[in-house]
Amino acid sequence: MRQYCKAMANLLARPIVEHHELGGLNPPRLALDPDAYAALVSAYNEIEKAQSADGDLAAVTEFASKACEHACRIAGVLALVSDPMASTVSVENMTRALQLAKFYLSEQVRLAGSASISIEITNAQKLLDWIKAKGLTEITARQVMQRGPYSIRDAKSAKTALSTLVEYEWLAVKDSHRYGLTPGAQAQLAEG
């Protein structure tokens, strides 16, 4: 904390650099060193992928889409706190900033998760949407695992989604392998 306060005092004591033609401040820019840029691009790609419909960050895409911008701002602060005369952001500062940004992302996911719909209900809805899109009236667990929504193609997720749809009377068990849409479900899907 003392180091931070000292760095802020040093930065505030510097002469103000104004842009004489446009008016206003004209502070020096911080560049990313090549390794810091590579770390940022890698994190960006990872976060973008995790924002897909089946990804870990699907529930927090608005926050996640800005995570790398936040990391750049944090990295700039870290660079100037460690060296008030810095002109570049090092890979070390970018790595630390990305760790902080990922922590904030995980907290955002945790908070969103406590207020969101359970994964079982979400997967059941994905399966129901897929059944409707395919125009199916009967389904097997094997079909779901082979051609169903990607996020529920494993045996456990497929069976849980099917069981959830049975529990909520969207599907009825026809035999040990087949499930069929209930008459009420067929009528509702036809309307929607």
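Which residue of E5 does Thr 140 stand opposite? In the predicted model described here, local features require pLDDT of at least 70 and side-chain atom pairs count only at pLDDT 80 or more, whereas totals for chains, interfaces and linings use all residues. Residues are numbered from 1 along each chain as its sequence is written, and side-chain values use heavy atoms, with hydrogens and water left out.

Thr 140 stands opposite Arg 178 in E5. Helices (H or I, at least four residues) and strands (E, at least two) are DSSP runs numbered from the N terminus. Strand E3, residues 138-140, pairs with strand E5, residues 178-181, in the antiparallel sense over 3 bridges; two strands pair if DSSP finds at least two bridges between them. Gly 180 in E5 is the bridge partner of Glu 138, and Gly 180 is also the bridge partner of Ala 172. Strand E4, residues 171-173, is joined to E5 by antiparallel pairing over 3 bridges. E4 and E5 form a hairpin, with 4 residues between the two strands.

Two packed helices are described by the angle between their axes and the distance between the axes. The axes of helix H2 (residues 34-50) and helix H4 (residues 67-82) come within 10 Å and cross at roughly 150°. Axes are lines fitted to C-alpha atoms, for helices over the stretch in contact, and angles run from 0 to 180 degrees between N-to-C directions. H2 and H4 are therefore roughly antiparallel to each other, a term applied to angles over 145 degrees. The contact (heavy atoms within 4.5 Å) is made by Leu 40, Ala 43, Tyr 44 and Ile 47 of H2 and by Ala 67, Cys 68 and Cys 72 of H4. The residues of this contact divide into 7 nonpolar, no polar and no charged; Ala, Val, Leu, Ile, Met, Phe, Trp, Tyr, Cys and Pro count as nonpolar, Asp, Glu, Lys and Arg as charged, and the others, Gly among them, as polar.

Ser 90 lies in the loop between strand E2 (88-89) and helix H5 (91-114). The side chain of Ser 90 makes a polar contact with that of Glu 92 at 3.2 Å. A polar contact is a pair of N or O atoms within 3.5 Å; within protein, one must be able to donate a hydrogen and the other to accept it, and residues adjacent in sequence count only if both atoms are side-chain atoms. The Ser 90 side chain also reaches the backbone nitrogen of Asn 93 at 3.2 Å. Leaving aside neighbours within four places in sequence, Ser 90 is in contact with Asp 33 and Ala 36.

Key:
Parallel < 35°, antiparallel > 145°, perpendicular 65-115°, else oblique.
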